Amino acid sequence: MRLRIISAAVLLPLVIIMLYLGGWWLFALLGLVLSIASWEYAELLKLIDLKPWYVALFLTCWLFLLDATFPDHSLLLPGLVLAVLIGSLWVLAKFSRGQQNSIQRWALTIAGGVYLGLLGSHFLRLRALDNGFQWCLVACGSTWIADSAAFWVGRAMGKNKLAPTISPGKTWEGYLGGILFGTPLAAVLAWALKLDPMHGAVVGLLVAAISPIGDLLVSMIKRQAGSKDSGKLIPGHGGFLDRIDSLLISVTLATYYVGWIA
């Protein structure tokens, strides 16, 4: 716990500063984080002999970030076509040499790049909206609040397992605790940032109720790979993929809610 607190104290101000600056500063941070997360994703799959191709993973992630940075000059479609073609050529080369699991490797390369890149690009999309910095703080803050509440409520009261074969430590009591605490505290956070508390509460509810899917997806990969964490780069927290798994979904949900409704 001490390591977790120290790491958070170092990284949290950096994240807030980059969100505040936005633009190329945020682009650079996201590019670094998603590249490391892609590498961790590939390393996990490597443990079960399903090693994706790193170049196609990185390329797809960066293309999504560029598309979010220049929405009026979309690189998305031609970029994805290029990434798919490169990945396909890699699979054909491997298959021609008798490599096993070539189809699975190809699918996981494209799926990983699209998942991390597409969802990750929504940090830039949310930041570009009106009051984007504040909404980024609400989305990220409500994620951390709900996650912490779920941990402590589950530890104190948890009896019924949420997904025992994927993440044995998670309980339904903890999940509901995350919603009960995350929703009103997100409203308070929105109010403190001079945003509409009602919309803040809705964002908090969406985040608390749906973002755990991201955590469970990464937990599923780690469990199949036989690894506790996605990496060891963040003391006390594991890897970058461990830290952004829920945030990817939270920020995506917030982007569409704020953009379409709030």
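Predicted model: local features only at pLDDT ≥ 70, side-chain atom pairs only at ≥ 80, totals over all residues.
Follow the chain along its sequence and the pattern reads α-α-α-α-α-α-α-β-β-α-α-α-α. Of its 262 residues, 45% are buried.

**Stop 1: helix H10.** Select residues 212-225. These 14 residues should span 20 Å at 1.5 Å a residue, and the end C-alpha atoms are 20 Å apart, which agrees. Colour the buried residues of H10, among them Asp215, Leu216, Val218 and Lys222. Then step just past H10 to Gly226, which has a positive phi of about 75°.

**Stop 2: from H10 to a strand.** Show the side chains of Lys170 and Asp215. They form a salt bridge, with the closest N and O atoms 3.0 Å apart. Lys170 sits in strand E2 (residues 167-171) and Asp215 in helix H10, so the pair ties together parts 45 residues apart in sequence. Lys170 is partly exposed, at 24% relative accessible area. Asp215 is buried, at 14%.

**Stop 3: from H10 to H11.** Now select Lys222 and Asp242. Their salt bridge has its closest N and O atoms 2.7 Å apart. Lys222 belongs to helix H10 and Asp242 to helix H11 (residues 240-260), so this pair ties together parts 20 residues apart in sequence. Lys222 is buried, with a relative accessible area of 10%. Asp242 also counts as buried, at 5%.

**Stop 4: H3 and H6.** Pick Arg125 and Asp67, whose side chains meet in a salt bridge (2.8 Å, N to O). Arg125 is in helix H6 (residues 122-127) and Asp67 in helix H3 (residues 54-69), 58 residues apart. Arg125 is partly exposed, at 25%, while Asp67 is buried, at 6%.

Technical notes. Residues numbered from 1 in each chain as written. Heavy atoms only, no water. Helix = DSSP H or I, 4+ residues; strand = E, 2+ residues; numbered from the N terminus. Expected span 1.5 Å × (residues − 1). Buried < 20%, exposed > 50% of the residue type's maximum accessible area, 1.4 Å probe, protein only. Salt bridge = Lys/Arg side-chain N within 4 Å of Asp/Glu carboxyl O.
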